[in-house]
Amino acid sequence: MQSMGLGTARRHALAAQGFADPAPRGDVTRRHVQRALGRTKLLQLDSVNVAVRAHYMPVFSRLGAYSAELLDAAAWQHSSRRPRLLVEYWAHEASLIPVEDWPLLRWRMQQRDLGWRTRSAELFDRCPQLVDDVLAAVKELGPIGAGPLERELGGGQRKGRGTWWNRSDTKRVCEYLFAAGELTTGTRRGFERLYDLPERVLPAHLLDNEPTEDEAVRTLVRRSAEAHGVATEPDLRDYYRLSPAQSRQAVAELVDEGVLEPVAVEGWQHTAYRHTTSRAPRKITGRALLCPFDPLIWERSRTERLFDFRYRIEIYVPESKRQYGYYVFPFLLDGELVARVDLKADRSAGVLRVPGAFLEPGRVAGRVAAELAASLREMADWLGLDDVVAGSRGDLAPQLGAELRAL
């Protein structure tokens, strides 16, 4: 088994995620976005909007300022000239995945023993007609949200149907059918999901494609390995939330096929695996703010192993007990995580607020503060905010404030 230094493993990981790719010259185009998505493989969706929606930020972190309409069109618009590139499904969590990957998750759609689905059994026993009613209504009216669906199905308004379904029941059925692959997201209005039938959203050849579970899982693990560069088996499994048994079998088969190479990474307790196409550049340069749901830092133990950076989301921690803040972005500079900032987009005031800024141990505050200030100014411009205002929390806050005022 080959040995690998920690710095080399870090460069593999960053290159695999697109942080070694050259920056776009001129305006960012659909092709640039597609290239970034080819690196990350998927984007996590999350309802928190305190700074920016989670799925928009990883593209900005890799490409710089771009029109969010490019991603919206890739995910939720379709035409014969520009077919959609992405579709929603449960991958890491709720995620945008390439449309070509839809068949790879068919086995998950067919599972019936997941806890939340089991809890839906009571609903179906109580109102068995609701599933058929929802599918019929979506077929007739979609894309449509759960609220309008509930109103459409209520009070006998739909062609003689006299049973009233409340919104909670309707929403649960919609989510069940979404997970089962019988509904998908046709588009979104704001962040509201509008349901539609997969055959009206996806190409027909994808709906007819049904790989076996073993084939699909092996492909997903290969995708995960490409996105990681170098990773342990638990790291690889986490990317698509696979089971240990699924992942271990797929990793063993990919090693036998010569797709993955076992390596011993300096300081790591467990065997790692390098995708054989992964390359480590001699150095990584540049800067990027990373949202809490960036694929580079999803797996917190991996983030700690790679960067010596302990990171947790503190949204659900009582304010008095938070160490860093509500919605904290790590700051990547020249291949290292060197600081973190708590961010809030105050849209009514036109300001990107930085309530807290914290330097990592052993880092030099001067350059970090200057580069961080420039990154925050770029992010504010991208979000259409006029100013960046630093608060007082954190050891980096005074110098960051001075650099922002200098800008």
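**A walk through the predicted model**

Residues are numbered from 1 along each chain as its sequence is written, and side-chain values use heavy atoms, with hydrogens and water left out.

Back to Asp 334. Its phi is near 50 degrees, a positive value in a residue other than glycine. You will find Asp 334 in the loop between strand S11 (328-333) and strand S12 (336-346); helices (H or I, at least four residues) and strands (E, at least two) are DSSP runs, numbered from the N terminus.

Which other residue has a positive phi although it is not a glycine? That is Arg 241, with a phi of about 55 degrees. Arg 241 sits in the loop between helix H12 (233-239) and helix H13 (244-256), and it is partly exposed, with a relative accessible area of 36%. For background, most residues other than glycine have a negative phi, and most peptide bonds are trans. The peptide bond from Gly 142 to Pro 143, however, is cis, with omega near 0 degrees. Pro 143 belongs to the loop between helix H7 (129-141) and helix H8 (146-153).

Now the sheets. Five strands make an open sheet with mixed pairing, in the order S10-S11-S12-S13-S14; two strands pair if DSSP finds at least two bridges between them. S10 and strand S14 (387-393) are the edge strands, and each pairs on one side only. From one strand to the next, the twist averages 30 degrees. Strand S13 (residues 351-359) pairs with S14 in the parallel sense over five bridges, and Arg 353 stands opposite Val 389 in S14. Helix H16 (residues 397-406) lies across S12, S13 and S14, running at about 160 degrees to S14. Here axes are lines fitted to C-alpha atoms, for helices over the stretch in contact (heavy atoms within 4.5 Å), and angles run from 0 to 180 degrees between N-to-C directions.

There is also an open sheet of three strands, antiparallel, in the order S2-S4-S3. Strand S2 (43-44) and strand S3 (86-90) stand at the edges with a single partner strand each, so one side of each is left without a neighbour in the sheet. Helix H4 (residues 68-76) packs on this sheet, touching S2, S3 and S4, and its direction makes about 70 degrees with that of S3. S3 and strand S4 (residues 94-98) run antiparallel, joined by five bridges, with Trp 90 opposite Ala 94 in S4.

What is the volume of the largest pocket? About 430 Å³. Of the 26 residues that line the largest pocket, the closest to its centre are Ser 61, Arg 62, Gly 64, Arg 287 and Ala 288. On a 1 Å grid over the protein atoms alone, a pocket is an open set of points where a 1.4 Å probe fits, with protein on both sides within 12 Å along at least five of seven lines, and lining residues have an atom within 4 Å of a point. Grid points are joined across faces, edges and corners, and a volume is the space filled by probe spheres set on the points. Helix H3 (57-63) gives the largest share of the lining, four residues.

Methods:
Predicted model: local features only at pLDDT ≥ 70, side-chain atom pairs only at ≥ 80, totals over all residues. Buried < 20%, exposed > 50% of the residue type's maximum accessible area, 1.4 Å probe, protein only.
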